Amino acid sequence: MTAQAKKPANQKVGAEVAQSGAKAPFPFRTAISLFLLAGNFLIAAFYFHLINI
C-alpha cells in the first residue's frame with residue numbers, strides 16, 4: 001500500500017473572500033497590539049523602578 005495524496009473536497013476554499021474585495025481588519029489589530037505593547041513597557045518600567053509612584 002502506498003499513501004496517495006487526496007485532493008481537498010472543496011477547491012474553492014477562500015476564493016470567495018479574495019473576489020469579494022473584503023479587507024482584513026489589520027489596522028484594528030495593529031492598534032490593539034500597539035496599545036498592549038505600550039502597557040507592557042509601562043509595567044516593565046514600574047518593575048525596574050524607572051517610574052516610581
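**Close-up views of a predicted model**

Just after helix H2, His49 takes a positive phi of about 60 degrees.

View 1. Of the 53 residues in the chain, buried residues make up 2%. The chain exposes about 5600 Å² of accessible area, and 67% of this area is supplied by carbon and sulfur atoms.

**View 2. Helix H2, from its one end to its other.** Helix H2 covers residues 26-47, and its 22 residues should span 32 Å at 1.5 Å a residue.

**View 3. His49, in the segment after H2.** The phi of His49 is positive, at about 60 degrees, although this residue is not a glycine. His49 counts as exposed because its relative accessible area is 58%, and the cut-off for exposed is over 50%.

**View 4. The aromatic pair of Tyr47 and Phe48.** A search of the whole structure finds one aromatic pair. In this pair, Tyr47 and Phe48 are arranged edge-to-face, with 5.1 Å from centre to centre and 85 degrees between the planes of the rings. The angle counts as edge-to-face because it is over 60 degrees. Tyr47 is exposed, with a relative accessible area of 63%, and Phe48 is also exposed, with a value of 58%.

**View 5. A nonpolar patch on the surface.** The patch is formed by Leu42, Phe46, Tyr47, Phe48, Leu50, Ile51 and Ile53, which together have about 860 Å² of accessible area. Tyr47 and Phe48, the two residues of the aromatic pair, are therefore seen here again as members of the patch, and both of them are exposed. Ile51, another member of the patch, lies in the segment after helix H2. Ile51 is partly exposed, because its relative accessible area of 34% falls between the cut-offs of 20% and 50%.

Note on methods: Residues are numbered from 1 along each chain as its sequence is written. This is a predicted model: local features need pLDDT of at least 70, side-chain atom pairs count only at pLDDT 80 or more; totals for chains, interfaces and linings use all residues. Side-chain values use heavy atoms; hydrogens and water are left out. Patches are made of residues with over 30% relative accessible area and no salt bridge: like charges are joined within 9 Å, nonpolar side chains (Val, Leu, Ile, Met, Phe, Trp, Tyr) within 5 Å. Accessible areas come from the Shrake-Rupley method with a 1.4 Å probe; for residues, only the protein chains shown count as cover. A salt bridge is a side-chain nitrogen of Lys or Arg within 4 Å of a carboxyl oxygen of Asp or Glu. Helices (H or I, at least four residues) and strands (E, at least two) are DSSP runs, numbered from the N terminus. Buried means under 20% relative accessible area, exposed over 50%, partly exposed in between (1.4 Å probe, protein chains only). Rings of Phe, Tyr and Trp (its six-membered ring) pair if their centres lie within 6.5 Å; planes under 30 degrees apart count as stacked, over 60 as edge-to-face and the rest as tilted. The expected span of a helix is 1.5 Å times one less than its number of residues.
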